Amino acid sequence: MAGTEDQAFDYGFLLRISEDARRVEALNEYLSSRSYLAGYGPSQADAEAFSLFRGPPPERHVHALRWYKHIATLKPQMNDQTPECSTKGKRVQPSWSPPEGTDISKLRFYNSLTRTKELFVPQRGNRVLWYCCGPTVYDASHMGHARSYISFDILRRILKNYFKYDIFYCMNITDIDDKIIKRARQNYLLEQYREKKPSPSQILLDVLTAREPFKAKLGETTDPDKKQMLERLEAAVDAALGPLQVAVQSKAADGSIQNQAEVLPPDVLTRVSEYVPEIVAFVKRIVDNGYGYESNGSVYFDTAKFDACPSHSYAKLVPEAVGDQKALQEGEGDLSISADRLSEKRSQNDFALWKASKPGEPSWDSPWGKGRPGWHIECSAMAGSILGESMDIHGGGFDLRFPHHDNELAQSEAYFENDHWVRYFLHTGHLTIAGCKMSKSLKNFITIKDALAKHSARQLRLAFLMHSWKDTLDYSSNTMESAIQYEKFINEFFLNVKDILRSPTDITGQFEKWEAEEIELNKSFYEKKASVHEALCDNIDTRSALEEMRALVGQSNTYMADRRSAKLPPNRMLLESIALYLTDMLKIFGAIEGTEPIGFPVGVNGQNADLESTVMPYLSVLSDFREDVRKIAREKKVTELLQLCDVLRDDTLPELGVRLEDRDGLPTGVKLVDKETLLKEREEKKKLEEEKRKKKEEAARKKQEQEMAKLAKMKVKPSEMFRSETDKYSSFDETGFPTHDVEGKELSKGLTKKLRKLYEAQEKLYNEYLQSTQNGS
């Protein structure tokens with residue numbers, strides 16, 4: 001129903017319902033949210049709808065029944081309507097058009113297979129199959145490994161926790177490899193040599209003998225990085241040989257001569273030694289498919305035959321590297337590049353799938369005899385066993401592209417007879433130190449353990465986050481200092497926000513009116529969130545994301561400072577929203593562990609997550625008490641109490657990890673900070689104060705010297721100031737003003753004019769001196 005100013009009901013939908021029972025239910029539902037009270041004039045639509053019913057609706061359909069009775073009562077009036085009223089057009093709901101909206105950014109990865117950024121599309125809906133090359137365990141893991149581990153951990157966390165993909169992550173451990181065998185042999189031989197307890201003279205002879213081939217190798221090395229490494233080794237040997245040679249020459253007695261980043265674990269961790277049967281089966285199928293051949297107990301992959309197949313292509317990642325014998329031989333392993341080994345292959349580009357073991361080398365049974373897996377086949381067999389014929393992502397270091405990953409691709413696609421074993425290849429950039437690639441072979445590596453001794457796991461992760469995962473990262477003091485400063489900058493923001501949120505307020509006070517400043521900060525907040533999303537969609541660009549987060553913190557700090565200057569409280573909920581967002585992002589990046597909603601964990605290594613909520617009430621009471629004491633001490637001018645309050649702030653509480661910040665006209669800020677950070681801040685503050693004191697003393701000394709010099713100058717009579725300069729002047733007038741130079745020539749007018757100004761200035765100084773002595777100053 002509708003009055004003259006009300007929108008008419010639209011019962012057209014009832015005409016499309018043929019069943020009486022369904023028509024009643026539909027009408028009841030339609031009228032349940034509409035008014036049909038008495039006093040409104042019925043419309044023609046009401047009459048038309050009424051005619052569709054044979055009788056009153058059942059009582060359970062309350063709204064339809066009331067409507068029916070109402071219309072039945074008013075039906076005579078409806079028949080008496082004037083033509084003008086009956087023909088009046090009914091109002092209809094206007095059409096609605098959806099907003100145009102904007103395009104939603106989608107994740108793109110730099111895919112090494114195409115060398116460009118590609119839209120990321122998993123093969124199985126939201127599920128992502130991911131394989132990553134793990135370590136070869138023949139020595140301690142170094143920062144070059146961390147470059148790969150942490151970078152992929154960051155990518156994995158973001159895909160899982162930000163983009164909400166269901167990640168299945170598989171990583172291998174290579175525990176069968178030429179490097180491992182070689183290192184084990186070196187350790188064994190060294191231990192045997194030590195057991196013989198050779199004399200100093202024998203050690204000297206053995207070292208000098210071993211140096212000859214070493215020097216030859218140094219002379220023929222052209223690679224600058226390796227040459228630098230060998231030169232360092234030679235210098236170290238020289239330094240060790242010096243004392244030994246002196247001792248041997250002096251026939252001395254023998255006795256006097258011989259005196260932190262938490263990384264997500266993989267869903268599956270595969271070890272090569274546990275997958276040898278699968279590897280043998282994998283190699284056999286490649287041979288059966290026609291892409292491998294046996295030679296002298298070893299099995300090699302036939303690259304030419306594989307590449308000649310129309311459905312296959314060899315070296316998809318680095319096709320220009322095909323034929324690079326240096327790279328190919330490094331890929332074969334130190335024990336597999338002898339002349340007899342290389343002669344077993346049909347082509348120099350072929351690579352080993354299975355290696356016949358020599359005496360003293362580990363071996364397993366196979367159809368081709370005793371042997372061990374080739375390096376490349378290990379990953380293919382293990383990944384294929386777990387992830388199947390095709391995976392979404394394969395990760396590894398940049399230097400693994402060729403030959404390792406190209407050979408992985410070839411042998412896996414030969415096994416599965418497909419051309420899509422990997423959809424997206426992600427390769428992390430190198431880690432350099434002092435501009436050189438860091439690696440064990442160059443002996444310039446820093447172990448992860450050593451790095452964690454200097455910096456926290458969070459600082460190392462921030463350093464990686466501040467660089468693109470696919471670009472080279474130089475590990476240096478500057479790099480780490482940038483990470484440390486970023487951590488400090490973000491942490492101070494969190495501490496300030498938590499301090500603000502601890503201020504007591506009622507529920508009404510939490511919802512302050514938004515002025516222009518809040519509206520502007522909130523606008524920037526959403527712009528920065530959008531920019532962070534854009535950065536992460538663009539090949540997981542964490543560097544840009546962190547810069548956007550830094551800018552947001554800078555704007556928030558400015559807002560808080562402006563409110564503090566105006567003696568006004570900042571908007572709590574807005575700052576809390578920003579702090580929660582930044583905390584969540586850092587948790588996604590793996591830079592924050594724990595469950596605290598805002599900021600970094602409090603306590604030793606974040607172990608005591610409840611520390612802040614436990615101790616802060618007591619610290620707040622202590623801070624308020626101290627503030628009352630300071631107020632009374634200032635009023636009563638009791639400086640000793642003020643000094644004690646300063647000692648509590650500057651010396652006592654920092655030892656407990658507590659920072660008090662006195663603010664003029666505002667409550668004291670109370671913050672829980674890492675103890676070591678506070679002690680470092682205290683030392684830096686003392687250092688700055690000491691430097692300031694020294695500068696002040698130096699300035700006072702210089703001022704005193706200047707005043708003394710000025711006084712000494714003031715005491716000189718004008719008539720005497722030039723007479724002492726006999727190396728310049730030879731004659732003077734009765735006032736002591738020079739008239740001739742040292743050679744007896746009369747002074748020029750220009751020089752005389754200049755000297756006259758100096759003379760008059762000295763007269764003025766001397767008169768001031770006389771005046772001061774007369775006044776007794």
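Biologist: Is Phe-152 buried or exposed?
Modeller: Buried: this is a predicted model, and in it Phe-152 has 0% relative accessibility. The cut-off for buried is under 20%, so Phe-152 counts as buried.

Biologist: Which ring does Phe-152 pair with, and what's the geometry?
Modeller: Its partner is Trp-130. The ring centres are 6.3 Å apart and the planes stand at 90°, so we call the pair edge-to-face.

Biologist: Where do those two sit in the chain?
Modeller: Trp-130 is in strand E3 and Phe-152 in helix H5, 22 residues apart, so this pair links distant parts of the chain. Trp-130 also comes out at 0% relative accessibility, which means buried.

Biologist: How many aromatic pairs does the structure hold?
Modeller: There are 30 aromatic pairs. Another one is Phe-525 with Tyr-581, edge-to-face too, at 5.7 Å centre to centre and 65° between the planes. Phe-525 belongs to helix H19 (residues 516–537) and Tyr-581 to helix H21 (residues 572–588), so that contact ties together parts 56 residues apart in sequence. Both Phe-525 and Tyr-581 are buried.

Biologist: Which residues do ring pairs link into a cluster?
Modeller: Tyr-11, Phe-13, Tyr-30, Phe-50, Phe-53, Trp-67 and Tyr-68.

Biologist: Back to E3. Which strand does E3 pair with?
Modeller: Strand E3 (residues 127–132) runs parallel with E4, over six bridges. Within that pairing, Val-128 stands opposite Ile-167.

Biologist: And what does E4 pair with besides that?
Modeller: E4 also pairs with strand E5 (residues 268–271), again in the parallel sense, over four bridges. There, Ile-173 has Arg-271 of E5 as its bridge partner.

Biologist: Why is E4 described as largely enclosed?
Modeller: Six of the eight residues in E4 (residues 166–173) are buried, so the rest of the structure largely encloses the strand.

Biologist: Changing topic: how much space lies in the second largest cavity?
Modeller: About 40 Å³. Helices H5 (143–162) and H17 (457–465) are the elements giving two or more residues to its lining. H5 supplies the largest share, three residues.

Biologist: Which residues line that second largest cavity, and what classes are they?
Modeller: The lining is Ser-151, Ile-154, Leu-155, Phe-464, Leu-465, His-467, Trp-469, Ile-540 and Thr-542. By class, that's six nonpolar, three polar and no charged residues.

Biologist: Last one: which ring does the charged end of Arg-285 sit over?
Modeller: The ring of Tyr-415, with the charged end 4.3 Å from the ring centre. Lys-470 lies over the face of Tyr-110, at 4.5 Å from the centre of that ring.

Definitions and conventions:
Residues are numbered from 1 along each chain as its sequence is written. This is a predicted model: local features need pLDDT of at least 70, side-chain atom pairs count only at pLDDT 80 or more; totals for chains, interfaces and linings use all residues. Side-chain values use heavy atoms; hydrogens and water are left out. Buried means under 20% relative accessible area, exposed over 50%, partly exposed in between (1.4 Å probe, protein chains only). Two strands pair if DSSP finds at least two bridges between them. On a 1 Å grid over the protein atoms alone, a cavity is a set of points where a 1.4 Å probe fits but cannot get out, and a pocket is an open set with protein on both sides within 12 Å along at least five of seven lines; lining residues have an atom within 4 Å of a point. Grid points are joined across faces, edges and corners, and a volume is the space filled by probe spheres set on the points. Ala, Val, Leu, Ile, Met, Phe, Trp, Tyr, Cys and Pro count as nonpolar, Asp, Glu, Lys and Arg as charged, and the others, Gly among them, as polar. Rings of Phe, Tyr and Trp (its six-membered ring) pair if their centres lie within 6.5 Å; planes under 30 degrees apart count as stacked, over 60 as edge-to-face and the rest as tilted. A charge sits over a ring if NZ of Lys or CZ of Arg is within 6 Å of the ring centre and within 35 degrees of the ring normal.
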